[in-house]
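Student: I would like to learn how to read a model like this one. Could we go through it feature by feature?

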Amino acid sequence: MNYARVIVDVPSQNTNRPFDYQIPEKFKGIVQPGIRVIIPFGPRKIMGYVVGLAEETTLQKVKSITDCLDVTPVLTDELLELGKWLSNYTLSYYISCLQVMLPQIMKAKYRKELWKMTDEDLDSDLEHVFQGRGVIPYEEFENSKLSYHVLRKHIQAGEVDVHYEVKSRETKKVTRIVEPGAEEIQLIEALEDLPKQANKQKQILEYFAENKQPVPKKQLLETLATTAASLKPLVEKGLVKEYQQEVFRDPYENRRFERTEPFPLTEEQSAAISPILQTIKNEKHDVFLLHGVTGSGKTEVYLQSIQEVLDKGQEAIMLVPEIALTPQMVERFKGRFGSKVAVLHSALSAGEKYDEWRKIQRKEVQVVVGARSAIFAPFTNIGLIIIDEEHETSYKQEDRTRYHARDVAIERGKNNLCPVVLGSATPALESYARAVKGNYQLLSLKKRMNEAAMPEVELIDMREELHAGNRSMFSTLLKEKLEERLAKGEQSVLFLNRRGYSTFVMCRDCGYVMECPHCDIALTYHRKHERLKCHYCSYEEPVPSKCPECESKTIRYFGTGTQKVEEVLQQLIPEARVLRMDVDTTRRKGAHEKILGKFGSKEADILLGTQMIAKGLDFGNVTLVGVLAADALLNLPDFRSAEKTFQLITQVSGRAGRHDKPGEVVVQTYTPEHYSIELAGSYQYEQFFNEEMKLRKAFNYPPYYFLTLVTVSHPNQLKVQEVTQKIAQFMRQKLSEHSHVLGPTPSALTRINNRYRYQCMIKYKQEPELRKLVQRILHYYEEEMKQENGLQITVDFQPYQLM
Ligand SMILES: Nc1ncnc2c1ncn2[C@@H]1O[C@H](COP(=O)(O)OP(=O)(O)OP(=O)(O)O)[C@@H](O)[C@H]1O
Ligand SMILES: [Zn+2]
Ligand SMILES: [Zn+2]
């Protein structure tokens, strides 16, 4: 092929289609769809993705590819197609959709080097370029005018590696390995031939006569307390072989995972897994919704389904919400599938992520467990995709390419002819509605493992507590129950809903609230260093000693943060050992594991935390769960607030009484009569679903209607109003009469970072032309949107953040 079709790394409307580039002779056979290339574009050289090849081009003047960044494709044919679909479905540029599928580090700036990976001689011309060095800048090869084919042969044999030095950070890590270079008998013969004083050399030979495995050079020298000087003559004689090998940074390398065997499934589990296994066997696409109460053994169903896929020689993707938060989940997967598992999540360093991703690309693993973006794992023979806790909103990416991992999973399931399993104790309303309609197959697990009962839930009306004279944030009952657990040596989990409950600073005299000068939002109080911070633009200032408005000194902070709760708790029950788990205590790498490890080994009585403790915890000794402010979420301006409240209470309650000891839950609320709280307290998912569906129908919300949110922002408020108004008018004109266009209205957060934000919301059942219309709007404003700090228009076809 003579030409490559390249998507260039310039996000804009007219680069959504590929440009043709000539393939220079030296890259023929290397340039193929899915590799990254460097190409001239205008005056610059930039990166691009090859998406196709062609014998001919219709262009008059065609430039040539400058360089190839890859020898093997980094995007499979399926992912290239998926990118097109993603681009169309989110209305993002094709290039952004391709970028979103790869680890961050691959988009960075780089310096290209050649690394020699063998001690054998290369072809003599190439050997000459290396001049005995292990690493050379790539330019030295280019300057040598050697044929690229010579290099390519060595690259494919693994003897030379192209290495990208990213901003002086290594992307690949190598180590030197030594192993026996001859048969045992020859080593023993050689031993006898060695001069008497060559003690160290003898030791090395004896070692290798016994151990035939390759060993890191450093480790060998340490074990035998010797130096490279003793090793060298043996290498020269060919008795020992030495070479470089790439090592993958393994974030779990110092952890041992206890091997686990599959449990014999319960009757319920068997009934749920059998249609999944059948679909895997038949290589059909189907979507299953596994609705199983907390602790009903969903994870075991996932594990055994994946086993079936592995036995067939296929691959599996398992998504979990922000996996870093559930080390117990990683443990279960590593324990069952060992080194077949790659783990991808946001707490890994860029290098670690890249290494895990390469294991997938090289087919060294067959299972990936990861957060949202793991849905783009470059497997080519996928047999199953699972999304655990499918209702979690973290599966939706909220910036740039606004995709929902559930939609991508289903698209990949179609491409790969494999089942997709969505699992949850509290399915998203949208998903459950589809299951009821028959679009998804509904599978249920209604009973907990070991006949364990769902924990008893006690709803406490905090207004009554107040009337009874208790002004504390702990109800009398919760305090009693905490003390009871302490006496019995059992553990408790306390959950504080931080979202919607930040700590703000207010003047008690005039009611003035300290706000960010750049955003329309109250500043949050941080006890450390006594400072006020903006969570949107990171502005901060010291806590004032008097009110900026009325100069009163009665300025103080309100709201309930985890720190505050911890303080109060310590006063209330001084003998309790409390562990706090929130954003502040888990910033450092491995902090989650540490806290959970401590709690698991009973070094604390109470685990106090935010959202991050709601999911996945499985500790047998936890018999009490307390929810401090159940209605905090209800007050958010979001049509999903009741659904979120129901999900959260159910999930948190699910942490108690999971093994042999029965559990109890205390939920503190100001609105115990609210249907989401009442029904969560009695575990009535179906009833909640029915209630909530009535409201969604009455107010034209999903799943009855689709939503599209258009948000406009600009430093000038008048400008924002004007543009949003124009967009709303245009939509009203063009859309059918069955659709509703709401707005323009100021967004709930009207100003962030000195930019004003207005929005309009479109509710519709069917608008086949909607994307085309939005595209026209974006096209119309394209020039203005290119200006720095200029107009911004974002369109979200499945909005979750309505702020
Ligand atoms: N068939 C089985 N026999 C015995 N024990 C089992 C079986 N299946 C699961 N378990 C155990 O029961 C407990 C609960 O199961 P699991 O964690 O899989 O439930 P889950 O539905 O995924 O829970 P959640 O959604 O609440 O996190 C675990 O400790 C698990 O090891
Ligand atoms: Zn004041
Ligand atoms: Zn701010």
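**Reading strands, domains and a ligand site**

Tutor: Let us begin with one residue pair: His 526 stands opposite Arg 531 in β23. Please keep in mind that this is a predicted model.

Student: Which strands form the sheet that holds β23, and in what order?

Tutor: To read a sheet, follow the order of its strands and then the sense of their pairing. Here three strands make an open sheet, ordered β22-β23-β24, and the pairing is antiparallel. β22 (524-526) and β24 (540-542) are the edge strands, each pairing on one side only. From one strand to the next, the twist averages 30°.

Student: How many bridges join β22 to β23?

Tutor: Three bridges join β22 to β23 (residues 531-533), and the two strands run antiparallel. The pair we started with, His 526 opposite Arg 531, belongs to this picture.

Student: Now the sheet with seven strands, please. Is its pairing parallel or antiparallel?

Tutor: The seven-stranded open sheet has parallel pairing, in the order β14-β15-β13-β16-β17-β12-β18. Here the twist averages 15° from one strand to the next.

Student: Why is one side of β14 and of β18 left without a neighbour in the sheet?

Tutor: β14 (341-344) and β18 (441-445) stand at the edges with a single partner strand each, so one side of each has no neighbour in the sheet. The partner of β14 is β15 (residues 367-370): the two pair in the parallel sense over four bridges. Within that pairing, Val 343 stands opposite Val 369 in β15.

Student: How is the chain divided into domains?

Tutor: The division is into domain 1 (3-107), domain 2 (111-171), domain 3 (174-247), domain 4 (267-450), domain 5 (452-501 + 560-695) and domain 6 (706-796). Notice that domain 5 is written as two segments, 452-501 and 560-695. For spacing, take the centres over C-alpha atoms: those of domain 2 and domain 3 are 27 Å apart.

Student: Which domains each give at least three residues to the shell around ligand 1?

Tutor: Domain 4 and domain 5 each supply at least three residues to that shell. Ligand 1 is surrounded by 19 residues, and the closest are Gln 269, Lys 298, Thr 299, Arg 332 and Arg 658. By element, helix α11 (residues 298-311) gives the largest share, three residues. By class, the shell has five nonpolar, eight polar and six charged residues.

Student: Which atoms of ligand 1 lie close to polar atoms of the protein, and how far apart are they?

Tutor: A polar backbone atom of Pro 264 is 3.0 Å from a nitrogen atom of ligand 1. An oxygen atom of ligand 1 lies 2.8 Å from a polar side-chain atom of Arg 332. Arg 655 has a polar side-chain atom 3.3 Å from an oxygen atom of ligand 1. As for cover, ligand 1 has 640 Å² of accessible area on its own, and the protein covers 87% of that area.

Key:
Residues are numbered from 1 along each chain as its sequence is written. Chains are lettered from A and ligands numbered from 1 in the order in which they are written. This is a predicted model: local features need pLDDT of at least 70, side-chain atom pairs count only at pLDDT 80 or more; totals for chains, interfaces and linings use all residues. Side-chain values use heavy atoms; hydrogens and water are left out. A residue is near a molecule or strand if one of its heavy atoms lies within 4 Å of it. A polar contact is a pair of N or O atoms within 3.5 Å; within protein, one must be able to donate a hydrogen and the other to accept it, and residues adjacent in sequence count only if both atoms are side-chain atoms. Accessible areas come from the Shrake-Rupley method with a 1.4 Å probe; for residues, only the protein chains shown count as cover. Ala, Val, Leu, Ile, Met, Phe, Trp, Tyr, Cys and Pro count as nonpolar, Asp, Glu, Lys and Arg as charged, and the others, Gly among them, as polar. Domain bounds come from an automatic or database domain assignment. Two strands pair if DSSP finds at least two bridges between them. Axes are lines fitted to C-alpha atoms, for helices over the stretch in contact, and angles run from 0 to 180 degrees between N-to-C directions.
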